[in-house]
Amino acid sequence: PPLPHPGPFFPSKNRSNSRGGGIGGEAHQAGAVGDWIIETMPSIGRGEEQLPLRLVLPVVLGLLVGSSVAADAEGEEQPCTMSVDGSCPMEQVGPSSISPYANYIQENPVVNPKERPMSAKFINLLSTPVQQYWDNGTPDGKYQGGIHSGETTHGTYTTHVFFFKRKDTGEEVARFTMDADVPMYIIHGNDPKILESEKYKMYVKERDFLLKYKAEHGQPWLSVYPRSPPELKIWKANALGQEHSITSSNGFWDGKEYSTEFQTTLKVVSTKPKVFLIENLISEAECDHIIELARGRIKKSVIGVTSEAYTDDTRTSRTGWIERRESPQMDQMFKRFADVLGMENEQLNSNMNAEPLQVVHYSTNQHYYNHFDFFATGTKNYRFSTLLMYLNNASSPDAGGGTGFPKAFDGKGLKVRPPRGTGLLFYSMLEDGNCDEYLSAN
């Protein structure tokens with residue numbers, strides 16, 4: 001089924017990957033005690049084509065490049081000191097050599113040649129909304145959300161079958177079997193007028209581009225077509241262990257007052273996808289402040305957005321939202337996040353490039369299965385990056401509560417579970433403007 005905004009990316013006959021309006025973010029697993037995560041989605045884009053950015057706590061957030069920020073010389077490749085020849089090959093230097101908080105998910109990747117992860121773009125050209133179902137062997141299938149007139153993209157697996165019904169009459173109008181070589185599926189109901197329309201011909205042209213792009217780049221084009229490259233900053237991740245130093249005048253709140261000095265380092269723990277560990281991003285007092293603001297407002301997490309949002313067993317946490325303007329402490333943290341992300345402070349507002357801070361709470365055995373953080377819905381406003389912040393420590397080294405990237409390191413995957421106050425930054429968009437389907441699943 002489609003990978004929901006939290007959809008599992010591990011092939012399974014018994015689990016559907018729900019869609020949730022697009023493609024979701026990273027996989028989270030709770031520890032022995034309740035884990036707090038904060039997500040914020042700042043948008044990042046070109047001028048009016050703003051791309052959203054997401055932040056998750058155990059807390060990290062960020063965008064901005066301003067006078068208060070000083071970074072190292074970006075773009076210069078910094079060879080890994082553990083590699084004799086300086087090439088820092090993945091097979092020789094793993095994430096645990098870079099940080100005690102990072103490691104492979106599994107040493108020996110399991111490959112299922114039949115069910116392989118893929119992404120598919122669905123286009124609804126009918127004049128009425130349709131509802132999507134995964135054919136899981138039951139008479140009615142498993143509901144995967146609705147598609148209004150337009151398009152949506154989500155992750156799924158080869159060989160999985162989806163069927164679509166008109167929302168008004170329940171009539172089935174399309175059924176598709178997922179094929180890794182077929183990136184786009186058009187719902188037209190065999191209507192002659194639609195098949196002769198300029199809009200249908202436009203999507204056929206786009207489909208030809210998608211096939212060419214995948215042949216050249218090895219992964220599908222999931223962004224809107226056509227789309228220009230983003231203008232917002234993407235930190236370089238040329239080698240494991242590469243570091244970017246950040247200084248800012250937007251320091252910590254210690255529970256009483258604010259400091260005017262802040263220093264941290266973005267350390268590369270994965271190059272594909274680009275994942276950065278940011279230690280000491282927020283203070284103990286700031287962690288407590290976020291948790292207190294979130295109490296009383298978190299409720300069962302959903303997949304998707306607006307009227308199409310729904311609950312699913314792929315995401316079992318509780319979620320709440322905090323606006324930047326809710327307290328001086330929140331505003332100070334957002335300023336710091338902007339410095340870390342290399343964005344202008346003004347851009348990190350919900351009326352600009354950022355969503356409010358999303359606080360997620362996981363109790364024992366709760367989870368958010370593999371998903372993408374971006375939503376591909378036919379517009380140019382995509383989530384560009386995600387900044388996670390961890391609000392509590394793990395109860396034990398094996399307690400869980402971490403974030404995983406199953407496609408990193410050639411299928412060995414990357415799992416990260418840093419201590420309280422640490423941030424984790426990763427990008428959902430590539431430098432050419434495409435959404436990073438193959439690498440940013442988490």
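## Helix H3

Helices here are DSSP runs of H or I with at least four residues, strands are runs of E with at least two, and both are numbered from the N terminus.

H3 itself spans residues 284-294 and is mostly covered, with eight of its eleven residues buried. Buried means under 20% relative accessible area, exposed over 50% and partly exposed in between, for a 1.4 Å probe and protein chains only. The buried set consists of Ala285, Glu286, Cys287, His289, Ile290, Ile291, Leu293 and Ala294.

## Basis of the model

The model is predicted: local features need pLDDT of at least 70, side-chain atom pairs count only at pLDDT 80 or more, and totals for chains, interfaces and linings use all residues. Residues are numbered from 1 along each chain as its sequence is written, and side-chain values use heavy atoms, leaving out hydrogens and water.

Strands E9 (residues 161-166) and E10 (residues 172-177) run antiparallel and are joined by five bridges; pairing requires at least two DSSP bridges between two strands. Lys165 stands opposite Glu172 in E10.

Five residues lie between the two strands of this hairpin, and Gly170 in the turn has a positive phi of about 80 degrees.

## Whole protein

The secondary structure comes to four helices and 22 strands. Of the 442 residues, 59% count as buried.

Among contacts (heavy atoms within 4.5 Å) between residues at least 6 apart in sequence, 74% join residues at least 24 apart. The accessible surface (Shrake-Rupley method, 1.4 Å probe) comes to about 17800 Å², of which 48% belongs to carbon and sulfur atoms.
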